[in-house]
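I am opening my notebook on a new structure. I will look up one item at a time and write down what I find.

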Amino acid sequence: VNNQNPGNLGILVMGNYDRQPLTVAQQRALDRFVSASMRRYGVGPRNLHTHQELAPTACPGRSLQAFMVQARSNGTFA
């Protein structure tokens with residue numbers, strides 16, 4: 001994200017999440033990785049953002065965006 005990258009960890013999830021949902025395996029892997037990274041680097045849920053929350057883009061796609069919003073709001077990432 002232009003002018004937003006210093007001090008950030010970018011995570012790539014391959015796929016077109018406007019056209020496909022995340023699999024259960026992807027959800028679990030993303031949950032484990034993001035949660036572990038947040039603990040390791042001391043990042044709180046309020047500082048966890050998707051690409052489209054920082055810049056005008058369709059990334060990460062509807063289904064991945066919905067997963068991230070839900071996981072962040074229900075405390076999955078902690």
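How many residues does helix 1 have, and how far does it reach from its first C-alpha to its last? I note before answering that this is a predicted model. Helix 1 covers residues 24-41, which is 18 residues. It reaches 26 Å, close to the 26 Å expected at 1.5 Å a residue.

Next I looked up burial. In helix 1, I found Leu-30, Val-34, Ser-35, Ser-37 and Met-38 buried. Why do I say that they line one face of the helix? Seen down the axis of helix 1, the buried residues fall within an arc of 165°, so they line one face. I then checked the other side of helix 1. There, Ala-25, Arg-28, Arg-32, Arg-39 and Arg-40 are exposed.

I also asked what covers the buried residues of helix 1. The cover includes helix 3, residues 62-73. After helix 1 comes Gly-42. I read its phi as positive, near 65°.

The largest pocket holds about 880 Å³ of space. I listed 31 residues lining this pocket. Closest to its centre are Leu-9, Gly-10, Ile-11, His-49 and Thr-50. Helix 1, helix 2 (51-54) and helix 3 are the elements that give two or more residues to the lining.

Which element gives the largest share of that lining? Helix 1 does, with five residues. Last, I sorted the lining of the largest pocket by class. I got 17 nonpolar residues, 13 polar ones and one charged.

Note on methods
Residues numbered from 1 in each chain as written. Predicted model: local features only at pLDDT ≥ 70, side-chain atom pairs only at ≥ 80, totals over all residues. Heavy atoms only, no water. Helix = DSSP H or I, 4+ residues; strand = E, 2+ residues; numbered from the N terminus. Expected span 1.5 Å × (residues − 1). Buried < 20%, exposed > 50% of the residue type's maximum accessible area, 1.4 Å probe, protein only. Arc of directions from axis to C-beta. Contact = heavy atoms within 4.5 Å. 1 Å grid on protein atoms, 1.4 Å probe; cavity = no way out; pocket = protein on both sides within 12 Å on 5 of 7 lines; lining within 4 Å. Points joined across faces, edges and corners; volume = space filled by probe spheres on them. Nonpolar A, V, L, I, M, F, W, Y, C, P; charged D, E, K, R; others polar.
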